[in-house]
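Biologist: Could you take me through a few local features of this model, giving the general idea of each before the case at hand?

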Amino acid sequence: TLEGSSYSVAEEFTGPYMDLATGKQMPPKYPKGVFVRPNIWNNGIEPSPFYSIPASLWWVFTTTTTVGYGDSAPTTTLGQCLGVCVFYFGIILLALPIGVVSQNFERAYERAHKGGRRRRMTSLIHRAYTNAPEQRRGSNFSERDQSVSL
């Protein structure tokens with residue numbers, strides 16, 4: 001069977017249960033029934049953690065980004081194969097390009113940073129050159145020395 005394709009209204013899911021910590025009888029977790037799936041050992045059934053689209057998307061996002069918290073995982077063969085495909089999809093489309101993107105970002109940053117320093121140095125040289133004749137007045141430099149351009 002497919003993951004979450006079976007719906008159960010069995011007493012074990014729809015009936016009250018005993019809380020082990022407090023010893024009190026608790027109201028049913030799933031009073032109207034629940035989608036079930038085979039457990040990981042395939043010897044029984046358990047409620048599916050994929051009870052809604054947002055819960056299923058949580059699994060897709062954590063698996064795609066290779067975080068994989070382990071709070072939900074498929075138990076059927078088809079679901080596990082899909083999980084492997086989603087995992088490799090995340091590796092190929094997210095993890096591998098990060099190195100290329102960061103390297104290009106570093107090059108662009110270096111180019112922009114170096115260009116800014118070059119402009120500052122050029123303006124400092126220009127200011128030094130334009131202020132040079134006033135600073136050299138009264139010195140022994142010839143007129144030809146003062147008119148040298150950079």
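This is a predicted model: local features need pLDDT of at least 70, side-chain atom pairs count only at pLDDT 80 or more; totals for chains, interfaces and linings use all residues.

Modeller: Residues are numbered from 1 along each chain as its sequence is written, and side-chain values use heavy atoms, with hydrogens and water left out.

Biologist: Is threonine 63 buried or exposed?

Modeller: Buried means under 20% relative accessible area, exposed over 50%, and partly exposed in between, with a 1.4 Å probe and protein chains only. Threonine 63 is buried because its relative accessibility is 12%; this residue belongs to helix α2 (residues 53-64), helices being DSSP runs of H or I with at least four residues and strands runs of E with at least two, numbered from the N terminus.

Biologist: Which residues does threonine 63 touch, leaving aside those up to four places away in sequence?

Modeller: Contact means heavy atoms within 4.5 Å, and on that basis threonine 63 touches Gly83, Val86 and Phe87. The side chain of threonine 63 also reaches the backbone oxygen of tryptophan 59, at 2.8 Å.

Biologist: Where is isoleucine 92, and is it buried or exposed?

Modeller: Isoleucine 92 sits in helix α3 (residues 77-136) and counts as exposed because its relative accessible area is 53%.

Biologist: What should I note about asparagine 42?

Modeller: Although asparagine 42 is not a glycine, its phi is positive, at about 60°. Asparagine 42 lies in the loop between β4 (34-38) and β5 (45-47), and is exposed, with 57% relative accessibility.

Methods:
A polar contact is a pair of N or O atoms within 3.5 Å; within protein, one must be able to donate a hydrogen and the other to accept it, and residues adjacent in sequence count only if both atoms are side-chain atoms.
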